[in-house]
Amino acid sequence: MCGIVGVLGNHEVAPTLVEALKRLEYRGYDSAGIATVNDGQLDRRRAVGKLVNLSDLLVHEPLAGKSGIGHTRWATHGAPTTINAHPHQAGPVAVVHNGIIENFRELRTELAAHGLTPSSETDTETVAMLTQHHMSEGLSPVEAAGKTIDRLNGAFALVFLFEGQDNLMIAARRGSPLAIGHGDGEMYVGSDAIALAPLTDRITYLDEGDRAVITRTSVEIRDAKGRLANRAIKQIQMDAARIDKAGYKHFMAKEIAEQPTVLADALRGYLDGDSIILPGEPLDFTKIERMTMVACGTAFYACLTAKYWFEQLAGLPVEVDVASEFRYREPPITANTVALFVSQSGETADTLAALRYCREKADRIVSVVNVAESSIARESDLALPIHAGVEVGVASTKAFTCQLNVLLLLALKAAADRGRLSPEALSDTLASLRALPGILNVALDRGGVIRKAARRIAESRDVLFLGRGLMYPLALEGALKLKEISYIHAEAYASGELKHGPIALIDKSVPVVVMAPRDTLFDKTVSNMQEVMARGGKVLLITDAAGAAEAGQDVWQTVILPEVPPVLSPLLYAIPAQLLAYHTAVAKGTDVDQPRNLAKSVTVE
Ligand code: M6R
């Protein structure tokens with residue numbers, strides 16, 4: 001979603017701001033802008049669409065100044081227009097904002113009584129206007145911003161810049177992350193450390209409720225109660241914040257290809273011989289009676305897969321829900337329940353709210369995250385890193401397989417602790433898991449046949465995905481991936497549900513992707529597949545050699561994957577699902593890494 005940068009520099013900042021915004025492009029946006037203070041005057045440039053439009057504008061209308069703020073906007077209040085783009089300015093105040101100000105209408109009414117009217121449709125402009133109003137009453141910029149922030153309801157990360165103040169930025173965090181970067185006589189602000197990586201590796205993460213008064217040589221942070229707060233300066237790994245395509249055409253292609261490597265690294269982080277080692281205070285699975293798993297999107301499908309693992313391997317009942325439903329459902333959390341939250345970004349607003357709902361109710365709050373410094377990680381009793389590395393493509397790929405990996409290890413540990421998996425069986429499964437990165441490489445080699453099928457699928461209006469058991473969540477994930485980046489309508493069903501309605505959709509124009517390794521459910525899935533073919537449906541069967549030999553004769557296309565123990569099949573079958581979506585999107589010529597309307601990290605509900 002929206003991205004924020006701020007720089008108090010010793011050189012012209014406009015190019016630095018645009019460069020930093022480029023590093024936030026992956027979050028998804030539809031307009032961008034920067035504001036600077038030059039000779040005491042605030043000025044700004046804003047443009048709709050990609051950052052290149054802002055860069056072009058700056059060529060024709062340069063913006064001077066050594067201090068400035070910048071923003072990429074993902075529209076919430078008001079269409080993506082230049083007027084609605086940030087920074088918003090009201091008199092001597094410019095503001096950039098991530099999140100939503102819930103009481104902006106009420107504040108607008110108040111401001112109207114003082115003769116102040118907005119020029120945009122946004123909630124953010126109200127923040128600038130209210131600060132302007134407080135300054136007109138004689139308050140200093142720091143006092144006025146503070147008084148404004150006190151009035152705001154909702155979730156936000158805010159950075160303020162002021163006319164006549166070349167050495168001042170004010171930053172505030174409530175609900176949306178914000179990081180301060182420390183330079184040499186320079187100071188920076190960013191909505192994540194990735195934006196600041198080329199500028200500095202010394203980062204302070206603001207805590208929930210923090211406000212910071214920043215100059216080129218100082219940062220004063222106060223906590224939610226107004227007390228001076230001492231937040232650590234952390235040295236971040238520059239490598240971890242590296243963003244490049246490494247020769248691939250798209251980040252998504254690179255991230256799909258990286259899966260064998262990151263999976264092998266992730267396994268090394270969790271395995272010591274035949275022991276599964278979790279960081280922090282151990283989870284005692286013998287005492288846990290139930291697990292509640294909550295997430296959104298792809299992370300939700302990882303949870304759905306994990307439900308099969310935990311229930312089948314460990315005999316542990318698992319409830320899974322999408323965060324946006326869970327948080328308002330007020331579900332009872334019974335004794336000895338572990339609440340587990342899965343999130344790549346660790347900042348998804350609904351997932352974070354669901355975690356907070358469980359805070360005083362569940363026995364332990366566990367999270368499975370990619371961003372170690374994220375809000376979800378920080379608010380968990382136990383945060384399990386997935387070690388996927390930075391994921392830039394909006395469509396989640398390597399994070400999904402790495403989430404599956406951690407969840408499977410957790411389920412195996414639960415099964416072993418609860419005496420449902422012998423040491424020998426655990427050792428065998430771990431050996432297979434260690435061999436999996438090599439097998440994923442074989443699956444990646446199937447790119448050619450998948451690309452061929454994708455060219456035909458690119459011409460379709462609708463696509464169905466079918467799977468049973470562990471392949472059902474994978475079918476859901478395959479459909480989500482396809483629709484997000486190719487904009488083709490795709491739906492997934494548990495194969496057994498076909499006859500209960502969706503079969504009405506089948507005709508020869510509808511490709512049906514069937515995910516079916518030769519496991520105990522294979523025959524049943526094949527029966528459903530036959531029902532599709534009897535109605536002219538064009539089947540793309542993703543299976544293994546045994547499955548292809550048995551059922552691959554009359555299908556439209558077959559993708560043959562290596563055989564793996566059934567429990568590992570979700571990690572393997574994720575690869576053709578991702579490749580199919582990727583090649584279809586490429587064939588359609590859509591924006592693979594930044595698909596329309598989508599954001600990488602969904603920080604509003
Ligand atoms: O950062 P999170 O894992 O919490 O994000 C959850 C979803 O927004 C995310 O998985 C989304 O569905 C992806 N675009 C899927 O590719």
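Analyst: The expected span of a helix is 1.5 Å times one less than its number of residues. Please note also that this is a predicted model.

User: What distance does helix 9 reach from its first C-alpha to its last, and what is expected at 1.5 Å a residue?

Analyst: Helix 9 covers residues 297-314, which is 18 residues.

User: Which residues have the most contacts inside the largest nonpolar core?

Analyst: In soluble globular proteins, nonpolar side chains tend to be buried together. The largest nonpolar core here has 100 residues. Its largest share, 13 residues, comes from helix 13 (residues 398-417). Those with the most contacts inside the core are Met291, Trp309, Phe310 and Phe465.

User: Which residues does tryptophan 309 contact, leaving aside neighbours within four places in sequence?

Analyst: Contact requires heavy atoms within 4.5 Å. With those neighbours left aside, the partners of tryptophan 309 are Ala314, Leu404, Leu407, Leu408, Ala411, Leu470, Val567, Pro570 and Leu571.

User: Are helix 13 and helix 14 roughly parallel or roughly antiparallel?

Analyst: Two packed helices are described by the angle between their axes and the distance between the axes. For helix 13 and helix 14 (residues 423-444), the axes lie 11 Å apart at an angle of about 170 degrees. Angles over 145 degrees count as roughly antiparallel. The two helices, helix 13 and helix 14, are therefore roughly antiparallel.

User: How many nonpolar, polar and charged residues does the contact of helix 13 with helix 14 have?

Analyst: From helix 13, Asn405, Leu408, Leu409, Leu412 and Ala416 take part, and they meet Leu426, Thr429, Leu430 and Leu433 of helix 14. By class, this contact has seven nonpolar, two polar and no charged residues.

User: Is aspartate 381 buried, partly exposed or exposed?

Analyst: Aspartate 381 is placed in the loop between helix 12 (375-378) and strand 21 (382-385). Not counting residues up to four places away in sequence, aspartate 381 touches Arg359, Asp363, Arg364 and Ile365. With a relative accessible area of 40%, aspartate 381 is partly exposed.

Note on methods: Residues are numbered from 1 along each chain as its sequence is written. This is a predicted model: local features need pLDDT of at least 70, side-chain atom pairs count only at pLDDT 80 or more; totals for chains, interfaces and linings use all residues. Side-chain values use heavy atoms; hydrogens and water are left out. A nonpolar core is a set of buried Ala, Val, Leu, Ile, Met, Phe, Trp, Tyr and Cys residues joined through side-chain atoms within 4.5 Å. Buried means under 20% relative accessible area, exposed over 50%, partly exposed in between (1.4 Å probe, protein chains only). Helices (H or I, at least four residues) and strands (E, at least two) are DSSP runs, numbered from the N terminus. Axes are lines fitted to C-alpha atoms, for helices over the stretch in contact, and angles run from 0 to 180 degrees between N-to-C directions. Angles under 35 degrees count as roughly parallel, over 145 as roughly antiparallel, 65 to 115 as roughly perpendicular and the rest as oblique. Ala, Val, Leu, Ile, Met, Phe, Trp, Tyr, Cys and Pro count as nonpolar, Asp, Glu, Lys and Arg as charged, and the others, Gly among them, as polar.
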